Amino acid sequence: VQLQASGGGLVQAGGSLRLSCATSGFTFGSHIMAWSRRAAGKRRELVGSISPYGNTNYLDSVKDRFTISRDNAKSMVYLQMDSLKYEDTAAYYCGVTSLPRDYWGQGTQVTVSS
């Protein structure tokens, strides 16, 4: 299983970023995909997830600002982040959470300047 997130960077508060995650090594269209994040000095938290059919769940603090989507034909999952806040600064990771164990890729850093 391989997952590679990309698209992070530096953005001003109120701005937007779109993260992408390329995957391989498993039947993408059959599994729940997720995004998590870890801010410096804090525990990793689950940002949200998307089912194979497109049903989504989100962390309360990102609801109505973040959108997870997927392209089963391309084995890609995305995280659209709008109205970014300073507290969204973190390393973001994509993962697959419905295999016998969870797999998480290397993160991509998102830094929001206030």
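1. A polar contact here is a pair of N or O atoms within 3.5 Å; within protein, one must be able to donate a hydrogen and the other to accept it, and residues adjacent in sequence count only if both atoms are side-chain atoms. With that in hand, look at H31: its side chain makes such a contact with the side chain of S98, at 2.9 Å.

2. A word on the model: it is predicted, so local features need pLDDT of at least 70 and side-chain atom pairs count only at pLDDT 80 or more, while totals for chains, interfaces and linings use all residues. Residues are numbered from 1 along each chain as its sequence is written, and side-chain values use heavy atoms, with hydrogens and water left out.

3. Back to H31, which you will find in the loop between β3 (17–24) and β4 (33–38); strands are DSSP runs of E, at least two residues, numbered from the N terminus. H31 is buried, at 13% relative accessible area, where buried means under 20% (1.4 Å probe, protein chains only). Leaving aside residues up to four places away in sequence, H31 touches F26, I50, P52, R70, V96, S98 and L99, contact being heavy atoms within 4.5 Å.

4. Rings of Phe, Tyr and Trp (its six-membered ring) pair if their centres lie within 6.5 Å; planes under 30 degrees apart are stacked, over 60 edge-to-face, the rest tilted. That rule gives one aromatic pair. The F26 and F28 ring centres are 6.2 Å apart with planes at 45°, so this pair is tilted. F26 is buried at 15% relative accessibility, and F28 is buried at 3%.

Notes
Buried < 20%, exposed > 50% of the residue type's maximum accessible area, 1.4 Å probe, protein only. Helix = DSSP H or I, 4+ residues; strand = E, 2+ residues; numbered from the N terminus.
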